[in-house]
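Have the model open as we talk.

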Amino acid sequence: MKNNRLLQIPPLPAVLLAIISVQAGAAIAKGLFPAIGPASTASLRIGLSAVILFVANRPKLGKLTKVQWKAVAFYGLVLGAMNLIFYMAIKRIPLALGVTLEFIGPLLLAVLNSKKAMDYLWVLLAAIGIALIAPWSEKGLDLIGVLLALLAGGLWATYIVLGGKISKVMKGGDAVSVGMIFATLLVVPFGIGSGGFGNLTPGLLLMGAALALLSSAIPFTLEMSALSQMPARTFSILMSLEPAVAALCGIVFLNEHLSLVEYCSVALVIIASAGATITSKRETL
């Protein structure tokens, strides 16, 4: 018990550290793209994360029911597809814009669940944000990259819905650990097919391990700790900061500087996401 108290981090720093960890991991992932490509990077990240989480949580596979296997399989496949498609998106567009566009999925999910008149304002702000960064001309952003990021956002919304359902039939740690196995089974064939694994070196493998820790193991642990100490609604509002942190990580790690219009787009989506969370139906705590 004493060790648990020593390791416990207050909820606000835990969420902020989780966000920084995820976006720093995404920056590392993008740094691996020139060497092994997005598919192999996603395979490395998800595969190593699966090993780390399985060892840490040690789920008892033999005790899972047919209902649990079915739920966790869909959950894991969506998780794998979401990560693979997001990496393919940020290969083509800046990290901050990829995260911003991906956020549209959870935002629309929150609005659909709320059905308040005020939420149309948040949809409008998000739509303006997308319009500002849409590739209206040949000199604009890569259209395929934009569409992939939006598809990843749709998968993120699906992942949230499935996560809510699976939480009713499985423990969170077991669901993520087993789900990552299915995610690995989906993504690794794409990594092998891309030929990126042939370029792996000990240094790149070490970067892959860091990516797995930063993008999955560390933030998952921090988020679970935070959610046990703060309302889910507050947690969701804080998570709206992800595009801003992605922009900062893009500058620091990747030297990706956005235009003033693109920064305005990021700000609008952050405001829309936070606003939709604030005005949504209050949860029973």
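Q: Which residue just after helix 8 takes a positive phi?

A: Glycine 195 does, with a phi of about 80 degrees. Helices (H or I, at least four residues) are DSSP runs, numbered from the N terminus. This is a predicted model: local features need pLDDT of at least 70, side-chain atom pairs count only at pLDDT 80 or more, and totals for chains, interfaces and linings use all residues. Residues are numbered from 1 along each chain as its sequence is written, and side-chain values use heavy atoms, leaving out hydrogens and water.

Q: Where does helix 8 bend?

A: A bend is the angle between axes fitted to the seven residues ending at a residue and the seven starting there. Helix 8 bends by about 30 degrees at valine 187. Proline 189 follows within four residues.

Q: Is leucine 185 buried or exposed?

A: Buried means under 20% relative accessible area, exposed over 50%, partly exposed in between (1.4 Å probe, protein chains only). Leucine 185 lies in helix 8. Leucine 185 counts as exposed because its relative accessibility is 58%. Buried residues of helix 8 include Phe182 and Val187.

Q: How many disulfides does the structure hold?

A: A disulfide is a covalent bond between the sulfur atoms of two cysteines. The cut-off here is a pair of cysteine sulfur atoms within 2.5 Å. The structure holds zero. Cysteine 249 is buried at 5% relative accessible area, and cysteine 264 is partly exposed at 37%.

Note on methods:
Helices (H or I, at least four residues) and strands (E, at least two) are DSSP runs, numbered from the N terminus.
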